[in-house]
Number of protein chains: 2
Amino acid sequence: MPITAKGRATRQRIVEGAATHLRGGEPGRVTLDDIRAITGTSKGQLFHYFPGGKDELLLAVAVFEAGRVLDDQEPHLGALTTWAAWLRWREVLVTRYRAQGAHCPLGSLLAQAGGTPGASEVVRTMLAQWRTHVAAGIEAMQAAREVRAEVDASRTASAFIAGIQGGVQVLRSTGSVEDLEAVLDTLIDYLRCPESPTTC
Amino acid sequence: MPITAKGRATRQRIVEGAATHLRGGEPGRVTLDDIRAITGTSKGQLFHYFPGGKDELLLAVAVFEAGRVLDDQEPHLGALTTWAAWLRWREVLVTRYRAQGAHCPLGSLLAQAGGTPGASEVVRTMLAQWRTHVAAGIEAMQAAREVRAEVDASRTASAFIAGIQGGVQVLRSTGSVEDLEAVLDTLIDYLRCPESPTTC
DNA sequence: AATTTTTTGGACCAGCAAGTCCAGAAAGTG
DNA sequence: CACTTTCTGGACTTGCTGGTCCAAAAAATT
């Protein structure tokens, strides 16, 4: 059962249209009819390309969005080797979420597809990749003697990921990027601190 | 139109029952029928006490839960005056969320009532109170010369709040409290750092 | 051109969940 | 004890939404 080029294009159109809609709209409820209207398709097509129904469709959107999040930062994430690069990365994140406003693409996804088994799996792997990149950046800075060696790169990377997630979530409630900025700046400051904390 | 004691009790029962259910169940969809069954009430009562329907009911639950979150930590939050107190607070948070598992009470609420105008308002005020408490703790430590004076208490408090939120959200996806622990430890370490970071 | 396969459109169905309504029980009040 | 008001139960309505089905259009294949 080969899929023609036209078919592939339609499928793509559905995924991207649904993603855009999910990103911009009320996270609460997105109906198949919405998606149908936006993407200019019919019920038949929706179920033709996603026999698993809504769950399968949302999962595909989640995969698509997860890729987008990482791709967006890839240029910066891959080269966190100087303080300037870290600050640039910080700026990109803040700017992006400021523009995007109160809607974390994955947050919306997780809100609706959180129940399905695959969705959280997607989020999990994305977070893991993200953390790996940040950890590599910290290690690079340690190799350059810009960050003290006692810092646990992996754990601190986890802190960054959690901080970003939380900052974005606060943004969703308050509409302000202040918290995101605060947590990023604080963590970067932590890396820059020349001495280890006194043990208690 | 006075409300009798019995009426007040029923209303309370509805809110608490709904809260418990929301905390434990699938965050996705909670129906009025679920709530009705759990609290042993009827449709008539639900709409008698919450004329605004589901939205009003969920809002009441959100207020209730927000209060619970703060009350739970009040003993610790109110006295962050020694490192030992900070570590105890950290422990309480981690333990609580570990036990509670993958369900942030407010996360679930926000997922369903996120659209309604009042819900995010509730979350916003709760986060603000929370931040105020943490900021007061940081200032107390600064007064005791345990934290260097250059630290911006308010901003760092924001970082804590964002970090906790993010840690919990990661917990919801991955089921692991590691990230929450990492971000709390890192931020506490930051406070303990005896020297300011080198300016770039 | 004939035929097979994929793609598309939309009518239709079934179930569920929010919300309405009203009658009767319980509880205050004079 | 009469009377008013609040409280409770549950049947019923209404609208929406995911999902099914099938026939026709469009491609691909021979």
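Visitor: Which residues have the most contacts inside the largest nonpolar core?
Guide: They are A:Val61, A:Ile161, B:Val61, B:Ile161 and B:Leu180, in a core of 106 residues. Such a core is a set of buried Ala, Val, Leu, Ile, Met, Phe, Trp, Tyr and Cys residues joined through C-beta atoms within 7 Å. Buried means 20 or more other C-beta atoms within 10 Å of a residue's own, with C-beta atoms placed from the backbone.

Visitor: Is this an experimental structure or a predicted one?
Guide: It's a predicted model, where local features need pLDDT of at least 70, side-chain atom pairs count only at pLDDT 80 or more, and totals for chains, interfaces and linings use all residues. Residues are numbered from 1 along each chain as its sequence is written, while chains are lettered from A and ligands numbered from 1 in the order in which they are written.

Visitor: Back to B:Leu180: what is it in contact with, leaving aside neighbours within four places in sequence?
Guide: B:Leu180 is in contact (C-beta atoms within 7 Å) with A:Ala162 from chain A. In chain B, its partners are Val94, Tyr97, Ile164, Gly167, Val168 and Leu171.

Visitor: New topic: how many helices and strands does chain A have?
Guide: Nine helices and zero strands, taken as DSSP runs (H or I, at least four residues, for helices; E, at least two, for strands).

Visitor: And how much of chain A is buried?
Guide: Of its 200 residues, 39%.

Visitor: What size of box do the C-alpha atoms of chain A fill?
Guide: Roughly 65 × 40 × 30 Å, along the principal axes.

Terms used. A residue is buried if 20 or more other C-beta atoms lie within 10 Å of its own, exposed if 12 or fewer, and partly exposed in between; C-beta atoms are placed from the backbone. Two residues are in contact if their C-beta atoms, placed from the backbone, lie within 7 Å.
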